[in-house]
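Please open the model in your viewer and keep the selection tool at hand; the stops below follow one another.

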Amino acid sequence: MGEIDQAFVQEQEHRPKLSIIEAQGIPEIDLSPLFHHQVPNPSAIDALVKEIGSACKEWGFFQVTNHGVSLSLRHKLEEASRLFFDLSLEEKKKVARDAINPTGYYDTEHTKNVRDWKEVFDFLSKDPTLIPVTSDEHDDQVTQWTNQSPQSPPNFRTIIEDYIEEIEKLAFKLLELIALSLGVEAKRFEGFFKNQTSFIRFNHYPPCPYPHLALGVGRHKDSGALTVLAQDEVGGLEVKRKSDQEWVLVKPIPDAYIINVGDIIQVWSNDAYESVEHRAMVKKEKERFSIPFFFNPGHDAEIKPLEELINEENPSKYKAYKWGKFLVNRINSNFKKQDGENLQIYHYKLP
């Protein structure tokens, strides 16, 4: 990625600011009450539920520490990811995504019609993953997506699979706390994830000679349920603060995870919680790595506000949609310039 190609240049109003505001107040939540007691302490769990509820409401983002994921496994994964991106382009392209299977390596993703300054490797949580063939609501055909396995670094696949197992446990626990914070039963969301379409992504943001023009990932909201992000010490994640719509930098806490609620939780909660815009900055001298896990329901999950949260004072704000159809529509729009904006949850908003 040498001289800047116009495809990477953000429109004036979306370019990164060179004076960076560091986020004060993005909640840091200690999850040790979930893990460090033989018998859970109900009042500690209640306090945790309150903290998570207010973080989801105020920010849509929070960081978790003492989260139960093995740090040695995480460090092994980060090291393997660096080794993979160090390979030659020719070697990485041996596991390139194609029109039939959107897993694997690619470096031409577009966000909001502008190319991202990054390269990625995607790996499914469940192999194979069932997915609709088309986004047509009247077409019931499904197909299977499968993972591609790089030859190098050795054991990359095994390390990824071990890590996914741990990160999924964390995601389910967070989902329970979010359910309780909404006043519904802890396991309320579990059934939606029966044939989950979750995946892990490895991001590499190379140094960029024009960090004031390009972004690693342009502004967007996550369309799934929950994102669990490991970012390195370089940092670069910016979140749009709800109170004043300013872009603020999320300072990395060593070994913590950054959690954000996605569009699906916004719909389930009937707008009690909001999926918030975020983006990734790039640096002039430093490369940056991050590893998000996108926790997504099964393709056949019908997404709509939870019945328990709907009443005369709070009527349903969304019509139902099928997650798999939404996903296929979105994926088809990520790899080429569109005439208009891709599908968003506000397209399902009820008048």
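In this predicted model, begin by selecting strand β14, where both faces are covered: Tyr257, Ile259 and Val261 on one side, and Ile258 and Asn260 on the other, are all buried.

Strand β2 (residues 61-65) runs antiparallel to β14 and is joined to it by 4 bridges, with Phe61 having Asn260 as its bridge partner. Strand β11 (residues 226-231) is likewise antiparallel to β14 and joined by 4 bridges, and here Leu226 stands opposite Val261.

Now select Tyr257 and show its surroundings: beyond its neighbours within four places in sequence, its contacts include Phe62, Val64, His67, Arg74, Tyr163, Leu170 and Leu229. Tyr257 is also among the residues with the most contacts inside the largest nonpolar core, together with Phe121, Leu174, Ile200 and Trp268, in a core of 75 residues. A second, separate core has 11 residues, including Ile4, Phe8, Val217 and Ala280.

Finish at Arg330, which lies in helix α7 (residues 323-333). Which side chain of opposite charge is nearest to Arg330? It is Asp263, 4.4 Å away, and Arg330 is buried yet has no salt bridge, because a salt bridge requires the charged atoms to lie within 4 Å. Apart from residues up to four places away in sequence, Arg330 touches Lys221, Ser223, Asp263, Asn342, Leu343 and Gln344.

Notes:
Residues are numbered from 1 along each chain as its sequence is written. This is a predicted model: local features need pLDDT of at least 70, side-chain atom pairs count only at pLDDT 80 or more; totals for chains, interfaces and linings use all residues. Side-chain values use heavy atoms; hydrogens and water are left out. Helices (H or I, at least four residues) and strands (E, at least two) are DSSP runs, numbered from the N terminus. Buried means under 20% relative accessible area, exposed over 50%, partly exposed in between (1.4 Å probe, protein chains only). Lys and Arg count as positive and Asp and Glu as negative; His and the chain ends are not counted. Contact means heavy atoms within 4.5 Å. A nonpolar core is a set of buried Ala, Val, Leu, Ile, Met, Phe, Trp, Tyr and Cys residues joined through side-chain atoms within 4.5 Å. Two strands pair if DSSP finds at least two bridges between them.
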